[in-house]
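Okay, thanks for making time, everyone.

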Amino acid sequence: MMFWKALRQYRVKGLLILISLPALVLPTISLVYILWQGLPALNWQTLSGEGVTGFGLEHGMFGQIWGSLLLMLGANVLAAPAALGLALFFNLYANDNTQRTIFTLLHLLQSIPPIVYGLFGLFVFVHLLHLGISLLAGMIILAMIILPLLVLNALHALKAISVEQTESARSLGLNDMQLICRVWAPLAWPTMLTGQLLGMARALSETAPILFTATVFSGVLWPSSIFEPVTTLQTHIFYLAQEGGNAHVVSIAWGAATLLIALVLLFSLTALFLRRIDQHHRIS
Amino acid sequence: MILLKPGLYLITSFIALLVLAVPFFLVQASAPFWASAGIMVLTGTEWFPYEMLFGMLPAIIGSTWAILIALFIAIPCGVATAIVTTELVSSSLASATRMGMEVLAAIPSIVYGLIGLWLLLPLLQASFDLLSGHSLLAAGLILALMILPLITLMSMDALKLVSSTQREAGMSLGLSWEALLFRVLLPQAWPAIRGGILLAMGRALGETMAVMLVVGSLDRMPEPIMNVLQPAQTLTSRIGREIGEAAFGSIHFSALMACGLLLALIGLSISLFAHTRVVKA
Amino acid sequence: MPQQLNRIETVVKPVNTMEVEASRLCIDHLSLQLEGRAILSKLSTTLPATGIIALIGPSGAGKSTLLRCLNRLYEQWQGDITWAGQSIRNRDTDLLRRQIGLIGQKPAVFPCSIRDNVIFGLSRQQRRAIADEEIYKALQQAALWQEVEHRLGEPAEHLSVGQQQRLCLARALILKPDMLMLDEPTSALDPRSRDIIERSMMELGRSMPLLWVSHDLDQARRISNHILFMCDGKLIEQSDTESFFNQPKRIESREFMRWSVCDC
């Protein structure tokens, strides 16, 4: 009896560990593989493109990094006020029904695949509004993609503020603006900042929606206005992967991938770090 | 101060307008296609834009297979990982796993595409003796790797949220480790785990770059239908491949918009399903 | 309360009541550190074989922790605990926990029907073969039968908190435990539910030992046959209820009864 029980216990645990092994092993392998391939490729020559020809490599990567960052910043600058505004509206003026509708709509928006936003942007901004393949079109599309994330995060931040604090501020006679600036803002900003950083990481890693609305393969180093196309790291990796074959191209692609991951992780890990500090702060 | 209320109303209505604009323009852009080809293209098996054949079925089947393969691998693996990390190993190992999963979740999809293209495809090619390795299986495997962190993280959160009083109550009744897991923890964490699975499904559905690089972009029905080792096409990879060549205003362009509309509708119904089930529970 | 405490009763009690009765659970120099802090230190005692044993003391004294050591929810203690002459370290954990039931402060019912909750702790075969009389008996012992007789299939969450707590009792009792531990089982309840539980527990205490953590001195005096007084992880005083309240041996006990605090 005891023996069978021990065997059974061992069997279930063993099976679970066995099934979970790929999840513990594969990610490590992938990450190590990327770094192993990518780190050697990152040197001054590939970054600056000196003495390299073909495949759009002659300009190096600075232009692409710049393009990626521009798109990311633009998307966040466009989306942040909208998200903040909607979150404040939700908390100040929306009744229960409106709140439920907004909530449902946000979840629905989040469930539309990014490439569909790309198609929408291609049709409306690039063609109907004659923006052409441009930085601006890409910014707006990315802004739409990260908007639900930012709003939900802002709602979360405001929800974490206790009702008592809001009520006592109200009973002291604070108006809406004072309530926002003097009670909500100081309490909610760490979570808001976390959300913004996550939005940046998200905007940096989206590739498909900007592939045919904002970027070109090569020929642009520094866009002179927001109505011009750009080159970005993420789409450049894609083009290189398409060309394939040439060992030099492959190694440059891994290098660019490593660089992109480093940029994305810079934002998302800072966000996670902030969140952890915030939680810790709140508990103690 | 006076501007606050109208300002917020303005922002909200602007966003609402944008939300309405997405389905409206998708329908408008794809309308010429629906008008010329009819709803029956959904079951058509031939897609040759230059001969005006726009059968959607191969890509729909392709997307379905890729998602099913991904879920088939990622669900057991992710949930088991969550159980092992939250219930079996020390908390420091658990937070290390969590950290690793969060890093993985942050890796852009294009990078997964590179892994698929230059690591997975040669492996598949060698082990199944294929021409190039481009296949639905490759797409499914790379999608599995991409949604694994999502399912694992959501399941970990779900298991952690089962209250300690419930745990203690189960343990004081002398439930064994498995009984506690299968009768107390998993049933209570299941709604949240299911939410994570549906979210992952939506992610897999809309994933474009990685799939596009490994799926082979060959628009024909798998022969036989269970064959996932052939090059094939998914809805997203078709859009990504062809939108650059389709001229604005052509039926081809409109057909790709219709693919986008289809993607949006499937995504929305997954989300609605998740939402109603959660509200009911 | 003060007048109760000052009331002098002269009842002659047998000397060393505790040792006369056959003991089942012995704790020997039990110590426990959690996160570097000593929660229990060198606690030794022997519990009587029947009756309600009230475990009292200021909050943070380690009362709840002690209960969780006895059914091995905490395992990292030093010293020894023996149950019917055998160290509980050598026993099967799951079996031990079925023999020593634990009722928590707040009822934790599982999200299933009332009936399923009652039989939750049984094995699959037992659940399938369970006779309705068993369920009836357990619910009757927990004084819940009359209220749920016709609604056994309803979700347990529909019950009031007091009823849920009694459901937890029934759930533990159907396992036929040799001993019950109750961790402030009535602190979250209304007075009426408290009375019902107290009455049924006093009935139950005739046949098995009940280790009852209470922060309410009145309640301890009302229900218990024995008192264990703990403070700061140490056992300060152990005696039968009457002599504890009438002639406390230790100055800390006296202080605690007067001001509900003590400085140990």
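Before the counts, one term: when I say polar contact, I mean a pair of N or O atoms within 3.5 Å, and within protein one must be able to donate a hydrogen and the other to accept it. Also, keep in mind that what you're looking at is a predicted model.

So, with that rule, how many residue pairs in polar contact are there between chain B and chain C? Four, with both residues at pLDDT 80 or more. Two helices of chain B, helix 6 (164-172) and helix 7 (177-206), each bring at least two residues to the side that touches chain C. Helix 6 of chain B has the largest share of that side, with seven residues. Sorted by class, the side of chain B facing chain C has seven polar, five nonpolar and two charged residues.

Now the extent of that interface. The contact draws on 14 residues of chain B and 19 residues of chain C. Together, chain B and chain C bury about 1,400 Å², and carbon and sulfur atoms carry 57% of that. On the chain B side, the residues that lose the most area to chain C are B:Ser172, B:Leu173 and B:Arg183, which together make up 42% of what that side buries.

Next, charge pairing. Side chains of opposite charge can pair when their charged atoms come close. Between chain B and chain C the count is one salt bridge. Which side chains meet in a salt bridge here? C:Arg68 and B:Glu168, at 2.7 Å from N to O.

Over all chains, the structure holds 18 salt bridges.

Okay, over to the other interface, chain B with chain A. How much area is buried between chain B and chain A? About 6,300 Å², with carbon and sulfur atoms giving 86% of it. The contact takes 72 residues from chain A and 69 residues from chain B. For salt bridges across this interface, the rule finds zero. The polar contact count between chain B and chain A is one residue pair, again with both at pLDDT 80 or more. Helix 1 (residues 4-37) of chain B gives the largest share of the side that touches chain A, 15 residues. By class, that side of chain B has 52 nonpolar, 13 polar and four charged residues.

Let's look at rings. The structure has 22 aromatic pairs over all chains. One of them is A:Tyr93 with B:Tyr9, which counts as stacked, at 5.9 Å centre to centre and 25° between the planes. This pair crosses between chains: A:Tyr93 is in the loop between helix 3 (62-92) and helix 4 (96-111) of chain A, while B:Tyr9 is in helix 1 of chain B.

A quick word on chain B as a whole. Chain B has 10 helices and two strands. Along the sequence, the pattern reads α-β-β-α-α-α-α-α-α-α-α-α. Taken along the principal axes, the C-alpha atoms of chain B fill a box of roughly 70 × 70 × 30 Å.

Last, confidence. The predictor gives the complex an ipTM of 0.91 and a pTM of 0.86. Chain A averages a pLDDT of 87, and 92% of the residues score at least 70. In chain A, confidence is lowest in helix 2 (residues 44-48), with a mean of 77, and highest in helix 6 (residues 135-159), at 94. Chain C averages 84, with 90% of the residues scoring at least 70. Where in chain C does pLDDT stay under 50? Over residues 1-22, for which the model has 26 contacts beyond four places in sequence. Where pLDDT is low, the predicted coordinates should not be read in detail. That's my tour, thanks.

Key:
Residues are numbered from 1 along each chain as its sequence is written. Chains are lettered from A and ligands numbered from 1 in the order in which they are written. Side-chain values use heavy atoms; hydrogens and water are left out. Contact means heavy atoms within 4.5 Å. Buried area is the accessible area (1.4 Å probe) that two parts lose on being put together, summed over both. A salt bridge is a side-chain nitrogen of Lys or Arg within 4 Å of a carboxyl oxygen of Asp or Glu. A polar contact is a pair of N or O atoms within 3.5 Å; within protein, one must be able to donate a hydrogen and the other to accept it, and residues adjacent in sequence count only if both atoms are side-chain atoms. Helices (H or I, at least four residues) and strands (E, at least two) are DSSP runs, numbered from the N terminus. Ala, Val, Leu, Ile, Met, Phe, Trp, Tyr, Cys and Pro count as nonpolar, Asp, Glu, Lys and Arg as charged, and the others, Gly among them, as polar. pLDDT is the predictor's confidence in each residue, from 0 to 100. Rings of Phe, Tyr and Trp (its six-membered ring) pair if their centres lie within 6.5 Å; planes under 30 degrees apart count as stacked, over 60 as edge-to-face and the rest as tilted.
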